[in-house]
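I open this notebook to record what I looked up in a structure that is new to me. The entries follow the order in which I consulted it.

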Amino acid sequence: GDADFSCECHGGWKGKTCNLRHSHCDRGTCRNGGTCQDLGHSYLCRCPSDWEGTTCHIAKTQACKSNPCLNGATCINTGEFYSCVCKEGFEGQHCQHDINDCNPPPCYNGGKCVDGINWFLCECAPGFAGPDCRINVNECAANPCGQGATCIDGIASYTCICPPNRKGSRCQEADAISVLRGVCLWQGQYFANNTNWPHDCNTCACVNGEVRCTQVWCGLGNCLGIAGSNCGDNQVCVPSPRESCLTGGCIPWGECRELLSGKLVGPPQLPAPPSCWPNQAALSNTCARLTLLLDRTKLPIGISTESLCGELRRLLSTHQSNNGGHETLILLCDIKSGGNDTLEVTLSESGDNSKAVKEAIHVLGELISRKQTNNLSALTSVMEVKVETALLSPQKQGNGYWIGIFCLMLGMASMGVMAALLYWHRTHRNNGLHSSGMDHCHRHHEDEKSNNLQNEENLRRYANPLKEECASQAGSLGGSLGDLPRVSVVRPLSSASSAEMLEMICEGEGKTTTSSSQVLLLKTQNADVKKNTISDNTNSNKDFTCKRINLQSKIIPPVQRTLPSQSERSVDVLTVLV
């Protein structure tokens, strides 16, 4: 239809565009010489013969009826004439010319421009890229130079500066002389002596012609990655839970698991025992635990538990490479149960090397707590580190069998000892009955010797009183001071079981006469002395069968002196109770 419009006015406004207050007509209401007539509620334009429309804006002779504009341009009538409004990329009166977008040339570094309809394309020369070929492609970004060589980027080329004893465009060849100096051949490449290179999460080194790689387990393959590992037969790829992505934007991650009967999925195929898995670890000599409290606001985008675990494994392999360790260490990670900002890490060893496990877990704790990791590493967001180890005494398996054998042998040995003691007791009792008569004299001689030693001790203890006593007796008999008595004989005298009688002879030498004094010492024995001196409890009296001493003197009461008659003054008897 005709290009026109109308406005519905409110509030007393009037006119074509509701811009008049008192009338519907003004100078611009009717166009192209038309006359405006106010009808009160509207207006009417009286147009010249060549125009029509509510405002005389439509020419009766339309030049655009022949569609003179090309390439989708818009035609505008201006009476007997028209004008074309071209789309972008065209020009000309009828928009018939395609604008050359390649003029001026937009491509750099020898790029070729391809013109399109309102667009262009630069075909870059080798070594350059970008929409206008301004970017120089870095051919060294793919690390084409091996063996530690230095790569220098060029225009569509690169140059490798090889280390000593290496040659070739990529330093992949070894000099004949260097082969004799400990160069290593590993996976089709030569490595100079004392050089190292990364291999997955581990580090390998060439030491005197021998390749030595750390033995840190690098985790299960990602079956959802771009170059993911394919699951085997009867396996299924299980995606990681959503909680394992700590900051969002993580790459897809999955692990292959066995498909059990009944469409059940088995546990992850980890080399560590289930007793050393995160959230269920039982600490032992070969199982340690590391707990990391994370500040999730400082974590970069795309960080997951597996990526953090990979950084920990690389730290561990670097430590092993620097210290010559080659133990097979297994490091596992998972979010701690009950918290979304705590990472629980377990470390175990495939053998029984508890020292390697404890050293490795403490090294990780030290490196993380002291911020000795890469500044770009996600481990810098760790706020708290907790290291847990255990020292358990080794227990041998199957001890019950050997304990039973030991108890049986101990019982048999005890029974043998009891039987031997019973036999010895019976044999000793029979031998004692036959040999008691033969040993009776010998035992009493031993008793006699023991008693004599005791008697000599008692004599020394009472030497001075007895000497005075003997001296007084000599004085009463008219002897001189120079003729003091001396003790010459001490011998036992048989008596009752409660006392022991000792016979002591005091002798004095004079010029004309010789006198002697006999003193009897009565010693009361206690129970302990009797046990040492009396061999047979049934015999209360000393029995001197081998050498019996008979004294006819009469034993008088204690501290009582008996003086004989004048005819017998040569002998004085004194009885003393001790």
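**Entry 1: overall make-up.** I began with the secondary structure and counted six helices and 33 strands in the protein. The model is a predicted one. I then looked up burial: of the 578 residues, 30% count as buried. For the surface, I noted that the protein exposes about 36,500 Å², of which carbon and sulfur atoms supply 53%. Among contacts between residues at least 6 apart in sequence, I found that 43% join residues at least 24 apart.

**Entry 2: confidence.** I looked up the pLDDT next, and the protein averages 75, with 70% of the residues scoring at least 70. Over residues 436-442 the pLDDT is below 50, and this stretch has three contacts in the model beyond near neighbours in sequence. Residues 463-491 also stay under 50 in pLDDT. For residues 463-491 I noted 48 contacts beyond four places in sequence. I keep a caution here: where pLDDT is low, the predicted coordinates should not be read in detail.

**Entry 3: strand β20 and its partners.** I asked how many of the six residues of strand β20 are buried. Five of them are, and the strand, residues 202-207, is thus recorded as mostly covered. I then looked up its pairing with strand β19 (residues 196-199), which is antiparallel over four bridges. Within this pair, W197 has C204 of β20 as its bridge partner. The two strands form a hairpin with two residues between them, and D200 in the turn has a positive phi of about 60°.

Turning to strand β21 (residues 210-213), I found that β20 pairs with it in the antiparallel sense over four bridges. Here A205 is bridged to R212 in β21. β20 and β21 also form a hairpin, with two residues between them; N208 in that turn has a positive phi of about 55°.

**Entry 4: C36.** I located C36 in strand β1, which spans residues 35-38. Is C36 buried or partly exposed? I recorded it as partly exposed because its relative accessibility is 22%, and buried would require under 20%. Leaving aside neighbours within four places in sequence, C36 is in contact with residues including H24, C25 and C30. The C-alpha atoms of C36 and H24 are separated by 8.5 Å, and the two residues lie 12 apart along the chain.

Entry 5: W119 is placed in strand β10 (residues 119-123). With a relative accessible area of 45%, W119 is partly exposed.

Conventions. Residues numbered from 1 in each chain as written. Predicted model: local features only at pLDDT ≥ 70, side-chain atom pairs only at ≥ 80, totals over all residues. Heavy atoms only, no water. pLDDT = per-residue confidence, 0-100. Contact = heavy atoms within 4.5 Å. Buried < 20%, exposed > 50% of the residue type's maximum accessible area, 1.4 Å probe, protein only. Areas by Shrake-Rupley, 256 points an atom, 1.4 Å probe, with all protein chains shown as cover. Pairing = 2+ DSSP bridges.
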